[in-house]
Amino acid sequence: MIVLNTKYFDMGGEWEPYERSIILHEMVHYLQDMSGRWDGYIDWEDTKLCREREFRQKEAYEAQDEYMARVYNLHRRMPRFYGNCGNN
């Protein structure tokens, strides 16, 4: 199941590409979960699991960027929101 916070939607016509890209980003996470590559709870204190979470986010943001470039010809990176895994 994909749950989206609607505060990110209906921001006006110029935001429509971004709104659609959020759905794609979350679909990537769904497919990641279904793939079985990453099972279990993500513990931000566990460096290995935190790094896996960062990789999952990176993969989703890259797909989001590619979607924006191909579908809307918008060549800018989406803001990245990763966890803080520390320096370990």
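Predicted model: local features only at pLDDT ≥ 70, side-chain atom pairs only at ≥ 80, totals over all residues.
Tutor: Local features need pLDDT of at least 70 and side-chain atom pairs 80 or more, while totals for chains, interfaces and linings use all residues. Residues are numbered from 1 along each chain as its sequence is written, and side-chain values use heavy atoms, leaving out hydrogens and water.

Student: Why is Arg56 called buried?

Tutor: Its relative accessible area is 8%; buried means under 20%, exposed over 50% and partly exposed in between, with a 1.4 Å probe and protein chains only. So Arg56 counts as buried.

Student: What makes the Arg56–Asp33 pair a polar contact?

Tutor: The two side chains come to 2.4 Å. The cut-off is N or O atoms within 3.5 Å; within protein, one must be able to donate a hydrogen and the other to accept it, and neighbours adjacent in sequence count only if both atoms are side-chain atoms.

Student: Where does Arg56 sit, and which residues does it touch?

Tutor: Arg56 is in helix H2, residues 47–72 (helices are DSSP runs of H or I, at least four residues, numbered from the N terminus). Leaving aside residues up to four places away in sequence, Arg56 touches His29, Gln32, Asp33 and Trp38, where contact means heavy atoms within 4.5 Å.

Student: What do the buried residues of H1 pack against?

Tutor: They pack against H2; among them are Ile22, Val28 and His29.

Technical notes: Helix = DSSP H or I, 4+ residues; strand = E, 2+ residues; numbered from the N terminus.
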